[in-house]
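This briefing is for a reader meeting the structure for the first time.

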Number of protein chains: 2
Amino acid sequence: MTVHSKYIYPFGGSAPKPTVDPSKQIVGGKGLGLQVMSKIGVDVPPGFTLTTTLCPIYAKENDLPAEVWKGVRDNVRRIEVDMEKEFGSMSMPGMMDTVLNIGLNDVTVDGLAKATGNERFAWDSYRRLLDMYGEVVLGIPHEDFEKRFDKVKEAAGAANDVDLGVEELKTLCNEYKQVYVEQGKEFPMDPYKQLYACVKAVFGSWMTPRAVKYREINNIKNLIGTATNIQTMVFGNMGDDSGTGVAFSRNPSTGENVMYGEYLINAQGEDVVAGIRTPQPISQMKEVLPAAYAKFLENVEKLEVYFKDMQDVEFTVEKGKLWMLQCRNGKRTGVAAIKIAIDLVNEGKCTQSEALLKVEPRHVEQLLHPTFSADALKSDAYTKGIVAKGLPGSPGAAVGKLVFTPKQAEEEKANGASVILVRETTSPEDVGGMWAAAGILTARGGMTSHAAVVARGWGKPCVCGCSDIVVSEENQTVLVKDTNEVFKAGDVISINGATGEVIRNVIPVETPGLKGGLETLLGWADQEEGVMKVLANADSGPDATQAAENGAMGIGLCRTEHMFFNPERLPIVRRWIFHTECLDDLDHIKHFQRSDFKDLFVAMNGKHVTIRLLDPPLHEFLPRPEQVHEKVAEELGFGKDVPRMLARIESMHEENPMLGLRGCRLGIVKPEFTQMQVEAIMSAAADFMEECPDTAKVHPRIMIPLIGSIKEYKNQALLIKQEAERIKAERKLDIPYEIGTMIEVPRAALVSDKIASLVDDEDGKPLCSFFSYGTNDLTQMTMGISRDDSNGFIPKYLEMGIFEDDPFQTIDEEGVGYMVNHSANLGKRINPNISLSVCGEHGGDPKSIEFFDSLGLNYVSCSPYRVPVARLAAGQIRV
Amino acid sequence: MTVHSKYIYPFGGSAPKPTVDPSKQIVGGKGLGLQVMSKIGVDVPPGFTLTTTLCPIYAKENDLPAEVWKGVRDNVRRIEVDMEKEFGSMSMPGMMDTVLNIGLNDVTVDGLAKATGNERFAWDSYRRLLDMYGEVVLGIPHEDFEKRFDKVKEAAGAANDVDLGVEELKTLCNEYKQVYVEQGKEFPMDPYKQLYACVKAVFGSWMTPRAVKYREINNIKNLIGTATNIQTMVFGNMGDDSGTGVAFSRNPSTGENVMYGEYLINAQGEDVVAGIRTPQPISQMKEVLPAAYAKFLENVEKLEVYFKDMQDVEFTVEKGKLWMLQCRNGKRTGVAAIKIAIDLVNEGKCTQSEALLKVEPRHVEQLLHPTFSADALKSDAYTKGIVAKGLPGSPGAAVGKLVFTPKQAEEEKANGASVILVRETTSPEDVGGMWAAAGILTARGGMTSHAAVVARGWGKPCVCGCSDIVVSEENQTVLVKDTNEVFKAGDVISINGATGEVIRNVIPVETPGLKGGLETLLGWADQEEGVMKVLANADSGPDATQAAENGAMGIGLCRTEHMFFNPERLPIVRRWIFHTECLDDLDHIKHFQRSDFKDLFVAMNGKHVTIRLLDPPLHEFLPRPEQVHEKVAEELGFGKDVPRMLARIESMHEENPMLGLRGCRLGIVKPEFTQMQVEAIMSAAADFMEECPDTAKVHPRIMIPLIGSIKEYKNQALLIKQEAERIKAERKLDIPYEIGTMIEVPRAALVSDKIASLVDDEDGKPLCSFFSYGTNDLTQMTMGISRDDSNGFIPKYLEMGIFEDDPFQTIDEEGVGYMVNHSANLGKRINPNISLSVCGEHGGDPKSIEFFDSLGLNYVSCSPYRVPVARLAAGQIRV
Ligand SMILES: [Mg+2]
Ligand SMILES: [Mg+2]
């Protein structure tokens, strides 16, 4: 009677225990949990899983194969035997849609009442089925049922759902049937008909717009479909020896190793999740249902050991007996993820490498995300600005304009605004707007409500269950009950997801950075064998110090021109640009560059310091025409001749500055600037070595930008070498410098073998020791997209699915990635020891890092802030 | 005694006749001519050629191998036997430097005097040797000798060189020796020492800056070195039965089949070329030296038959005996090149294919270059503006500012000015400035003077030998002798190279276009087997008509937006851009596009008409902010709200418009515009078919610009197909349209196989039938160079040799060419029938055309004006 086929996996009761866990791809996450629980001796209500592979069949045929329908019937009969009761009510919990109590009808409802001795429960179950079946299978709006419910409650003078008696529930069932009539729909009385319709509804739900949107936002790809679980109902609403709950094996906000969850006596699971009744903390269950609670703790420990991870479980107690409904690795905050990973290693539950995989890049990002600073929390603006307090749904600080609908949130976000989405409660339909919001505030729902769970997954601040407020979507207002203060759409508020506080003011935020266990964990990542190194893009001493603190193994890109925008320096730079023949200004620039470079060498003592020569077009440094007046003209060497100065600025205008006179082109046209910079770099290194002769180590790497042809490279490399050797000789110091280039012009990728082959005619040595892929510019040129102007179509492209990712965030493997790979192969063919790296934004993007690792690059370089994320990603790839 | 080795090729006298002509690469052009003349029985003064392969040896060793020096001595002895005279004087004419009369000294000068019975001649030869040896071998400035010469002439009261007697020439020799003393240099009396020093000087001259510059300007590459010819002197200055001359076997200006040249009695060759004495027309030689002239005509005919081309020859008559000194294929004007090529075929001297190779692309260009219009020539400005008349050195019209030095010419050109370079006479040192000038004017020198020969080679207008004027480089003035009118540097004049006239006014010019034999010749080019087709880039009916007249096989690129700038249309286009929701304007645009497209179909009746969908960023069509005022704002739908309109314009600004919202991105974001254009194209085709049901043929090809990814292509192609099929169905006409794309974004080249594989899911047919390489944009993006902004460094790059060619003129084979080749291979691998072509500027560049032909592309498309050049180039490749 245990029917197993490639489409059907039975579990619980007399189901065979799998020797090999089935693939999550085939049975889904929930199915896998049920299989495993069944295997390791945790009681689950018997049932069976219909595999994901049925989804494409259903999509094509609009039906399932006859053998599957037969298997369904056979399994239902197997369950009837296991549970010693007839098919009366089954549940079908799904990723997207859930239907409970399938099988009830006007006849079996009485049977259920008699079998359980609880008439109220039977009728309550029936009215729930009518509601869910109507909504999920027939598409009747839930609100239509809700209205009837309120009407009956009102008539009965009932405050809560549980206050309704049997007669009122019977009335309600009739009212619900009336909804079907109004809608011209039919509720089938045949239990199998109900079941078949529900199965079809679930498989049909895979391609609904809501499901597609959800997968899009969560970047869920390459799934075969949804699996469908059909399971015996167990009832938490069978009296005070029954109940239901959800829990995490550890605190998902802090990671603390204590059971964390909620339960409700005499309730079904949806009551907890939907946040309609406010549940009790799980620890209190010990008092009320001690045996079930003990079994529960035992089960959860078994699961944590098996899965080597913190578990998120759902359970029901039916007349004292504990049934586990679901288990999965729990979602958690960044702080929690790191604490849990490290604790699991310390507890011997997993290895360091396994622990690495439990932390997601976004968890690390969360630690680097804004929170309110300690000072801000003490400020009057904060303490006196608190208008309401809810539950701390998801930690972090958010400040933004109030919006009331997901659509508004998406629109305002598109306009660049930071918004707080406020809702009575959220539902899966809202995910688009939740994603767009900086923070989420709900009036109802607990710590495991939809809003809180989703927000934690994204690392987005959330205050939930804030019963101090009344939200009116219609009026677009938030009313604070106590004070009658009203906030309107567009008003700016702050929320504190760590405390649940809602503040009327704009509160300053700060970024926590690395703390606690993160450094330990990243240390483990760094130790993975063959791991790609992570360097930082840093332009100044403080940047470099920050980078070192975040664990950067060196500086992969210093954009020297970033030092030019200092207000004291800018006039000098401008004067030089206007009068390049005047060597005084050049000398002045050299002096401040030298001092800056020394700071970098000191901060990185001995690690790579890769300095890119001047890159941007010179006109980027010039004042805008409206800033030019007599004083400025005089300061910049034009006497008081404003028109002449304006004419000079105008003459330097470029149509497409990105592709103009910049990068190595500047150094070729103005070799004195290249010489000056090399002198500054080498002198700075020498200064540090002389100052700290015993401890100082330096490793300057001079990087030539925007190379497109070998002759450009040779021109600049020889000039650099000549100047560097001169300084070495003058200072009588052996400074171990390297020369290399950014590969960011597509043409450079095509001739990389030739660049790698270049040698100095005089000493026969290679002229290029490293390539660093400037994937920002390489993306711009390979794809023909100006990043500055991409907003005109990239959002639309993403929406239409023409682009899967924003190519400036995640490397375009097919195009830009091809160029990187092509170049890397050409370079390595000539010089197997050439250093290969990436220094564009993509160097901090986990997905891109995985791609670069697959090409065998030596390191990535990213902003100091992204270094921890990149270290984690680089380590995880190698596990 | 006839010494031949791999480094030495003897000729003339008892030299062995070669069975196979030696390579021009090895013996040089002059050496080859001497070998051939020797072989076919044309008398040349005996001598020998030292091969170009000695150049790299000399450059390395600073000397020649001992065996070569021995071979030189052996050959000199062989010549002594042949000529029955001792080594007295040899000539060494070279590409760059020539030394005559080697071997003369204080003793042999008397021997020469006795042997020839002409003391004056002997001393004249000696003073010439002293001058040339000093200049070429020792680097003494020619002016130093010139000053002494003028002094002696003045002392003798002599007007011309020939007026000097023996005693004065003896004095002159002493004066010249004095120059050596002043310079601390020595003139060796040993003839062999003289010879060896001259040989070394010639081989040393290969790497002088002048030589390098010459090769650079003339794009002469891959030469091994210079060959050196050593030859018995024959003397045209041995009295009235002697003489020397240069001639072309046909008129090099018009191509007319009559001997064309000049000679001087009692003179040496340099007298003719230098233009110091004004020579006589060659036809008059018949009277003076009839036997020599008859032999000369016979020789020239032999050479023309042998080389199958018009000959440029030099000869000397020594005491009645004719010696041919040099022969080569003659330089000629475009008109002449075409006439000669066709005449040679008609005369049976060469085949059509051979004739094709006698015409260079620049010859065709010349026909398309400006001349003064017939009306202009009759105008008062012209006829009353003539200030002087010289010789018609090289035809064509030029208008420009007067400059007096090659340096000024180069500087002014760099500033974008058109200049006329005026010189007393030009020399090889001047080539840089001559190249930069729009036209050349000299006061001295005949039709075969340096200025005239060089200018004709370049197709540049030249008036030479204009003895009406006095040129002062020092004062920077041109004085017109008769009128005392003075022109200063910067004054604008016009010159007519076809008539020799110099005009004080700015005279309007026109372009002749195809005429006479050019169409015949291009017809031959079109018939070469497997020749690549030439289509035209044409945007309007008149363009298309011009293209068809120039032989275009279709339209390879119609830039539809060029039709938008019409003043009546622009406001409509602008209104649509500002208010895309307003479909009236779109409809209006559709109507005028439809009418334009019909003109194209009519002009091309049945040939390809490839129409690119809207490509430029929309803001290119908007008014500049300073053009916006109330009336404009009202006209464009902003009421009188100027600020609002300015804000809209500002909001559309892009940092790098080349890489912004344009091309297919527009069509994706605004599909209604794509639809509108497709409707206009298909309707226009239908209109023409309905109007002329018996004769009309149409072949519209709809080309999608700026594709970077397959999803972009699929999006637009499906939209186009849907719209096109709709119109076909509505009009009940079978319009055979194609859909394809420009490949101009590097990424598109990388995914060309995927684009070629795309099929319509509905009918399974390929969605892309052609690729057209937009090599302008592909160059911009692959090289990272904005064409608009390239002036900031490309000139410098060319000067420094970082670029060999301007990549926007000649395709960068290594980079951009790689992308084209890569894409073409990917495309053909999927679809062997895919049509591949080029529609960038490079489609009209002969060197690039050769490259595209080597990739197997189907056609190039270029501006109507370049079509003839492209047809010729395409045909020549296949000969
Ligand atoms: Mg860059
Ligand atoms: Mg283009």
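Axes are lines fitted to C-alpha atoms, for helices over the stretch in contact, and angles between them run from 0 to 180 degrees, taken between N-to-C directions. Helices (H or I, at least four residues) and strands (E, at least two) are DSSP runs, numbered from the N terminus. This is a predicted model, in which local features need pLDDT of at least 70, side-chain atom pairs count only at pLDDT 80 or more, and totals for chains, interfaces and linings use all residues. Residues are numbered from 1 along each chain as its sequence is written, chains are lettered from A and ligands numbered from 1 in the order in which they are written, and side-chain values use heavy atoms, with hydrogens and water left out.

**Chain A overall**

- Chain A has 36 helices and 31 strands.
- Along the principal axes, the C-alpha atoms of chain A fill a box of roughly 100 × 60 × 50 Å.
- Of the 879 residues in chain A, 58% are buried; buried means under 20% relative accessible area, exposed over 50%, and partly exposed in between (1.4 Å probe, protein chains only).
- Among contacts in chain A with a separation of 6 or more, 70% join residues 24 or more positions apart; contact means heavy atoms within 4.5 Å.

**Helices H23 and H24 of chain A**

- Two packed helices are described by the angle between their axes and the distance between the axes.
- Helix H23 (residues 570-578) of chain A and helix H24 (residues 583-604) of chain A have axes that come within 9 Å and cross at roughly 140 degrees.
- That angle makes H23(A) oblique to H24(A); angles under 35 degrees count as roughly parallel, over 145 as roughly antiparallel, 65 to 115 as roughly perpendicular and the rest as oblique.
- The crossing of H23(A) and H24(A) is left-handed, a term for a near helix turned anticlockwise from the far one by less than a right angle, with right-handed used if it is turned clockwise.
- On the H23(A) side the contact is made by Ile572(A), Val573(A), Arg575(A) and Trp576(A), and on the H24(A) side by Asp585(A), Leu586(A), His588(A), Ile589(A) and Phe592(A).
- The contact of H23(A) with H24(A) has 6 nonpolar, 1 polar and 2 charged residues; Ala, Val, Leu, Ile, Met, Phe, Trp, Tyr, Cys and Pro count as nonpolar, Asp, Glu, Lys and Arg as charged, and the others, Gly among them, as polar.

**Helices H28 and H29 of chain A**

- Helix H28 (residues 671-691) of chain A packs on helix H29 (residues 710-731) of chain A at an angle of about 35 degrees, with their axes 9 Å apart.
- H28(A) and H29(A) cross in a right-handed sense.
- Residues of H28(A) in this contact include Val678(A), Met682(A) and Ala686(A), and those of H29(A) include Leu719(A), Ile720(A) and Ile727(A).
- By class, 8 nonpolar, 4 polar and 7 charged residues form the contact of H28(A) with H29(A).
- Lys732(A) lies in the loop between H29 and strand E28 (738-743) of chain A.
- Lys732(A) has a positive phi of about 55 degrees although it is not a glycine, and at 74% relative accessibility it counts as exposed.

- Helix H7 (residues 166-183) of chain B has 18 residues and reaches 26 Å from its first C-alpha to its last, close to the 26 Å expected at 1.5 Å a residue; the expected span is 1.5 Å times one less than the number of residues.
- Buried residues of H7(B) include Leu169(B), Leu172(B), Cys173(B) and Tyr176(B), and their cover includes helix H5 (119-136) and helix H6 (142-156) of chain B.
- Helix H36 (residues 867-878) of chain B has 12 residues and spans 17 Å from its first C-alpha to its last, close to the 16 Å expected.
- In H36(B), 10 of the 12 residues are buried, so the helix is largely enclosed by the rest of the structure.
- Among the elements covering the buried residues of H36(B) are helix H21 (518-527) and helix H35 (846-854) of chain B.

- Asn62(A), in the loop between helix H2 (54-61) and helix H3 (66-83) of chain A, has a positive phi of about 60 degrees although it is not a glycine.
- Asn62(A) is exposed, with a relative accessible area of 52%.
- Glu813(A) is in helix H34 (residues 813-830) of chain A and, at 39% relative accessibility, counts as partly exposed.
- Glu813(A) and Phe851(A) are 38 residues apart in sequence and 7.6 Å apart in space, C-alpha to C-alpha.
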